[in-house]
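Trainee: I am new to this structure. Please take a close look at one part, the place where the two chains meet, and go through it step by step.

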Amino acid sequence: MTTPEPTARRRPRTALLTTLAALLCGLALAGLGFVRARNAGAERQSRAIAVAEAEQLVAEIASAAHKGGARAALARLEALRAALRASDRIDLLELLPSAGRPFLRRYALLATLQGGSAGAGTPAASPAGASPRKSAHDLAERARSLGHGVAQLVDPDAPSADEAAATPGSPAAPTAPTPTHSRAGRDGSGGPTVRAAALSGSYALVIERLPAVGPAALPGGTLLICALLALAIALLAGLVLSPRVAALVGAIAAAAAIAWTARAGARAVGIPEAETARVLGAVGALAALAIGVLAARGSFARALAALRAHRVAYIYLLPAAATTLLLVGVPFAVGLALGFFDHAHGRYDFVGIDNFVEILSGGGHPFGDPLNFWFTLGVTLLWTFVNVILHVGIGLGLALLLSRPKLRMRGLYRVLLVLPWAVPNYITALIWRGMFQQHHGAVNSLLGALGLSKVAWFSSFSAAFSANVVTNTWLGFPFMMVVSMGALAAIPKELYEAAAVDGASRFTTFSRITMPLLGPALMPAVILGSIWTFNMFNVIYLVSEGRPGGATDILVTEAYRWAFERGDRYGLAAAYATLIFIVLAVYTLLANRGARRREAMLERS
Amino acid sequence: MKPPSLASRIAGHLVLVLACAFAVYPVLLVLKKALSPGQQFDLSLSPIPTSITLSHFGDVIGATDPGSGHWLFGRQLANSLLVAGLTTILGVTASCTAAYALSRHRFPGRRSSMGAFLAVQMFPATLLLIPLYVLLDRLGLLNQLLGLTLVYSTTAIPFCVWTLKGYFDTLPRELEEAARIDGAGPFGVFFRVVLPLSRPAIAVTALFSFMTAWNEFILAGTFMSRQESFTLPVLIHQYIGQHDAEWGHFAAGAILVSLPVMALFYALQRHLVSGLTAGGVKG
Amino acid sequence: MKRLACLLLAALALAASSCGDERGARIVLWHSYRGAERDALQAAAERWNARARGAGEPQLRLVAVPYEAMVDKISAAVPNGNGPDLFIFAHDRIGTWAEAGVIEPISYWVDDATADRYLPQALAALAYRERLYGLPLAVKCTALFYRKSSVPTPPATTDELLTMGRALTRAGHFGLGYEVHKLYFHAAWLHGFGGQVLDPSGRVDIATPAAAAAADFARTLAGPGGIVPAEPSPALLSSLFNDGKLAMVISGPWFVDEIAKGVDYGIAPLPVVSATGLPAAPYLGVEGVLVSARAHDKRAAYRIAAALTDDASAIARARAARQIVPNLAAYRDPEVARDPVVSAFRGAAERARAMPSDPAMGSIWSAYDRALEKVVVLGERAPGALSAAHGEAERYARAPAR
């Protein structure tokens, strides 16, 4: 296919269009980052105002405490509460002392912002989301968890951390949160002790000391100048250079413009959260560059031409491709990206290739240890290989038997043989695990009946691995059988008739007619079957549970354990998944190449 | 082909009977559990129940939502049929056209799109759960059977596309050319000539698509949040608790769930044998 | 094809028929109870709804979610704002959820009268880093089930357990059964030997002499020449126990449903560890009603949590579903006090030690289970296996981002 070379007259247009496309695409990404950063800035700003007001209150209460002790402080607090109800920024929480339960002995008052709309004129809701008017409690908890600069108003009279003496289990009298009551408790021996509980514990006022940030304006001037500059460069390049080079130059200029604007925007917001703006700006610049490179290689022109030439083919392909791209492609991209992050307690941090380094280096486990990646990879490859051989062998063999002419009870056999596929494999996998039970399982009883000794199926690698394989073979052969039946049905009967006329032996018929014609139809099932077996989760997880010592775990169960059983390390799990993907991609490439070579040979012969 | 000799016929039956025993025995144990009273997981070897009760089946079929009194089994069976049926139709339709394009047309991006269909199967699905959840949420498809159907279809499409493409490759092109000479357009050729010839492959892919949607539980349990919109596997998995499980109910549910699959397979299996010669070439 | 289409249309009609009954203020609660426990919870919800209708309170709507889907569902739904307002789950995950901002601290609303309703350790189990995250609905822990025909009086010490078990173990018959290679069950011995999994400051503390002694004891029980059958899966234990081939089983309240009718059994607390004189304290799991951090009305959600866990509800649940409720008042109810299962487990719960809810536990369970398997099944030496597990757990667990 040849790309129609644009005429000299149209040169600047190509470069300009590319630059514009690059600018728009990049700016969309960078703009997203900026908006997010600005929202974060707005929230910070309003929080900072609330903090300033709250600090004043603390000072007031602290001075009351200084003069008149804790009771005075509390009285002052009570007095202030009514006034504060009116404030839309500050809310006071009530006092709630509770004996012997540190988790209920809460801070006395908390002040923080109310509402998220403080970012003067920003219509966007605060990132956290839904309700514009959050409860003070909610925000206070969050402020606490952020833990920036905590100012504590410690009651000077109170004995600190004294409540442990209260005996757990003794039903204490309900108390009202008034500052002056006494409460009765009992110690272990039952003798009554009276304690003044009004102001025990410490009352903390949580304040975030955040720098106040002004509402950041989009650096429009910078943007305009940079964009115009990029377009001018593109125009100039278009006039001087070849169209492809010009397009590339334009895109580079656009990328630089975006990166510069994003930097300016991030600086204008001026808070740590603005990092998002910078990162997304960089991504936007990269996207702009990519557009340039593609344009320079003439990809767009070729794609357009191809679209026009093969309209029907693309229409046919569209439904399947579009849904797959959207519903699998997007999560898939997220999954790939996740491999470069570390997840801890709901937060993701970018760690580069650390996860991959950790996995590929074996993560501190020696090579023969079941937790070492390479060991698991070996087990997985063995697992896939053995299973696929057995699935195809048994499935194809049975399909051939079932395709014999004049076979009696064909329908019954077929329906019975497809049963393992039909019954939900969760329960059948567990049934198989039961059948491998050492003393009472069916398998060992059968071995016993045959005069063989019992096997402890889950105490050695080879036995546990075999148990998994048997179960998975049972689960998997019906599918291959059905596929083989479909493939056999596709072979024209005339060929067999001709072979019979020629007096060909059964073996010759099979090797010359059946196998070569079956190959292409079975190939997809074999490749996909290996992919599914490679990622077969249920059998490993339910039958051997990785025993002994995780040795029978395959990569996918290992990834699952990292994600859900070993401290929620989603990033590491995603890196595992990415490696699984790479291994399978290499395998598929090789398998396809082999298949194509065979196909080519067939066509030649 | 000449019929096999008697000895070979007997040997064939022997192998088939053994294979059937291998295939059926664990299922019989499930059936036994479903029919025996009690909820404990049984370890005994005999597949014949000592005493029979239909109460597990009755309980599963009669399951109602204690809050609203809705008949859950019926609802969820309907949901399952709907989702699996739509998945089959959507998956097979989209795959047929795509596979035809991939088989008959040589266009840029053909190889890479074939590769892409395969590649999306390679990333372990368990780890895509949360991104997929967020995506469906953004698309407004959460809590909707349509969303679930679309997800299942995309899971089934790669296999269907590849299988159908492999099958289409074996169909002789002369037939299509003849039809074209007779004045059929590209779509006409596809619908009147290619599809009728491909019944075995369509049957296989239909069964596969149906199965993909029919037995799936984790996605259905995660993406649906109302009792009335769960599918049957979710209902059945409700019998598995944190520490223990109602195995009698679960086994009965598993048997019930596999019945429609058997029925579908039974309906489709005649298409698996009637091959090229019987179906199309002459017609 | 036509028939299929008809069937689909019918299904569509049915599926569409009862959509759109979402009206009025509702609080949605997800749970994964089954059977009697589910019905008892439903009854409690209906009591609330009846009361709420007149009082202008929101209605409560229960959604039963399969247990296996629950964690995924919560982790996917809540951060995206789609989750329930309330959900019921065992307390050992609250650390992770609290750190990830999935659940809401409720300390502020809990008054002393409410707090005093519960067994103190049950309430304390639902606290994480000095904040309370839920109200306890039910507790689960393990105890010793024994067949009265072969064990007239349950063993009071581990030495007695061993002697008794050895006398009862012969071909095909076993003295004791429990899932040896699971930390959940092993924890009782670990505590009895004075060991722990996390030290009070939350650091991994696995490789200790006490832990090694406990693991060795587990090997004495379940290793070669022991009294525990090989591969003691729950299915094996219940069938052996029912067949009279197993005299004692360590399991939780759920095991009651596994016991065949007509088996005369008793439930006793786990024995005292002879070597130390300490009771074998099993792990206590507390099923709490937790408030989602994205609940649309947290105050109302809390009020419902309080109502579901109040004494009247607890008594009803204990009576109807034999739930081991943490409410102290429930055991003053004569019918509940008479129930041998409920009162036996209440006693066991009082000795039990709450499972740690620290997120670090997420990395300990599997590492510890593997160490136990190595020691008990594969015969490795305990200190080595435990220190390997220690290293593993330390490597997995990272300090929470503060």
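Predicted model: local features only at pLDDT ≥ 70, side-chain atom pairs only at ≥ 80, totals over all residues.

**Where the two chains meet**

Mentor: Polar contacts do occur: 11 residue pairs are counted between chain A and chain B, with both residues at pLDDT 80 or more. On the side of chain A that touches chain B, the largest share comes from helix α7 of chain A (residues 311-338), which supplies 19 residues. By type, that side of chain A consists of 72 nonpolar, 16 polar and seven charged residues.

Next, the extent of the interface. Contact involves 95 residues of chain A and 89 residues of chain B. The size of an interface is often expressed as the accessible area that is lost when the parts come together. For chain A and chain B, the buried area is about 8,500 Å². Carbon and sulfur atoms give 81% of that area.

A nonpolar patch lies on the surface, formed by Leu235(A), Leu239(A), Val240(A), Leu241(A) and Val245(A). Together these residues have about 440 Å² of accessible area. Helix α3 of chain A (residues 220-240) gives the largest share of the patch, three residues, and Leu235(A) is found in that helix.

Two backbone details remain. Most peptide bonds are trans, and most residues other than glycine have a negative phi. Arg547(A) and Pro548(A) are joined by a cis peptide bond, with omega about -10 degrees. Pro548(A) sits in the loop between α17 (538-544) and α18 (555-564) of chain A. Met409(A), a residue other than glycine, has a positive phi, near 60 degrees. Met409(A) belongs to the loop between α9 (373-402) and α10 (410-417) of chain A.

Key. Residues numbered from 1 in each chain as written. Chains lettered and ligands numbered in written order. Heavy atoms only, no water. Contact = heavy atoms within 4.5 Å. Buried area = accessible area lost by both parts, 1.4 Å probe. Polar contact = N/O pair within 3.5 Å; in protein donor to acceptor, adjacent residues only side chain to side chain. Helix = DSSP H or I, 4+ residues; strand = E, 2+ residues; numbered from the N terminus. Nonpolar A, V, L, I, M, F, W, Y, C, P; charged D, E, K, R; others polar. Patch = residues over 30% accessible without salt bridge, like charges linked within 9 Å, V, L, I, M, F, W, Y side chains within 5 Å. Areas by Shrake-Rupley, 256 points an atom, 1.4 Å probe, with all protein chains shown as cover. Salt bridge = Lys/Arg side-chain N within 4 Å of Asp/Glu carboxyl O.
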